[in-house]
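These are my notebook entries on a structure that is new to me. I look up one topic at a time and write down what I find.

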Amino acid sequence: LQEPDAVLSIVDTKNKGTDYFVQPVLLQYGDKYYCTDCICSDDSDYERQYARSTNLILTNKVEACQFESNNGGDRIALEVSKRVKEAKGYCNITQSFTTQNKETKIIVYAPWVKEHIIFKDRSMYNPNDDYGKMMSFLLGYSPMGKNKHDDVPDAFSSFAKWKNRPETPPTIVGRRPF
């Protein structure tokens, strides 16, 4: 089996209420991303969130992970980063604050997700485990009307946005012409 170009993860954090903590792991091979593992949990216990996220990063050897910094995600990112370092692991953990409307972002990036992300076959996961819940929420999302659980499509649209962000051109310092 060929080594992936990168092992990546994105985190849609959970505060309180009915939303979910969603963290898929994606193995990059060229312009394709294989979703091989995930956390999809409605657990509001921050200690368990820290532990599960740290374990997911270490177990899958995630090299780069972006945390949504809305709703306390910055605190979660800092704690997970600290724990990964304490375990002698390495992961470039960054944060991103989202201001874009969630539904708009999901609709805009859905074609990219469908074209570039490959999910496990149904026979490879249990509908009641985290991966099964994640797939249920992803496949059950409808752009027509209210969705009780939109955290999974939001996480994948955030991943698409992250991977499609234009590179910042280098700054060139020169002499003033006058």
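**Entry 1: ground rules.** I start from a predicted model, in which local features need pLDDT of at least 70 and side-chain atom pairs count only at pLDDT 80 or more, while totals for chains, interfaces and linings use all residues. Residues are numbered from 1 along each chain as its sequence is written, and side-chain values use heavy atoms, with hydrogens and water left out.

**Entry 2: overall make-up.** I looked up the elements and found five helices and six strands in the protein chain; I take both as DSSP runs numbered from the N terminus, helices being H or I with at least four residues and strands being E with at least two. From the N terminus on, the order of elements is β-β-β-α-β-α-β-α-β-α-α. Of the 178 residues of the protein chain, 46% count as buried, where buried means under 20% relative accessible area, exposed means over 50%, and partly exposed lies in between (1.4 Å probe, protein chains only). The protein chain exposes about 10500 Å², and carbon and sulfur atoms supply 52% of it; such areas come from the Shrake-Rupley method with a 1.4 Å probe, and for residues only the protein chains shown count as cover. I also noted that, among contacts (heavy atoms within 4.5 Å) between residues at least 6 apart in sequence, 65% join residues at least 24 apart.

**Entry 3: the sheet.** In what order do the six strands form the sheet? I read an open sheet in the order S5-S4-S1-S2-S3-S6, with mixed pairing; two strands pair if DSSP finds at least two bridges between them. S5 and strand S6 (117–118) stand at the edges with a single partner strand each, so one side of each is left without a neighbour in the sheet. Strand S2 (residues 21–29) and strand S3 (residues 32–41) pair in the antiparallel sense over nine bridges, and Tyr29 stands opposite Lys32 in S3. Helix H4 (residues 130–140) packs on the sheet and touches S2 and S3, its direction making about 105° with that of S3; I note that axes are lines fitted to C-alpha atoms, for helices over the stretch in contact, and that angles run from 0 to 180 degrees between N-to-C directions.

**Entry 4: helix H4.** I then listed the buried residues of H4, which are Asp130, Tyr131, Gly132, Met134, Met135, Phe137 and Leu138. Their cover includes S2, S3, H1 and helix H5 (151–163). At the start of H4, a side-chain oxygen of Asp129 reaches to within 3.2 Å of the backbone nitrogen of Tyr131.

Entry 5: Ser157 has its place in helix H5 and is buried, with a relative accessible area of 1%. Its side chain reaches the backbone oxygen of Asp154 at 2.9 Å, and, leaving aside residues up to four places away in sequence, Ser157 touches Lys105, Ile106, Tyr109 and Val113. In helix H2 I looked up Glu79, which counts as buried at 18% relative accessibility. A polar contact of 2.7 Å joins the side chains of Glu79 and Arg83; the term means a pair of N or O atoms within 3.5 Å, where within protein one must be able to donate a hydrogen and the other to accept it, and residues adjacent in sequence count only if both atoms are side-chain atoms. Lys85 also lies in helix H2, but this lysine is exposed, with a relative accessible area of 60%.

**Entry 6: cysteines.** How many disulfides are there? With a disulfide taken as a pair of cysteine sulfur atoms within 2.5 Å, the count comes to zero. The sulfur of Cys35 has its closest cysteine sulfur in Cys38, and at 5.9 Å that is too far for a bond; the sulfur of Cys91 is 5.2 Å from its closest one, in Cys65, again too far for a bond. Cys35 is buried at 2% relative accessible area, and Cys91 is buried at 10%.

**Entry 7: backbone angles.** Most residues other than glycine have a negative phi. Lys61 lies in the loop between helix H1 (46–60) and strand S4 (64–68). Lys88 likewise has a positive phi, of about 65°, lies in the loop between helix H2 (73–86) and strand S5 (92–96), and is exposed, with a relative accessible area of 76%.
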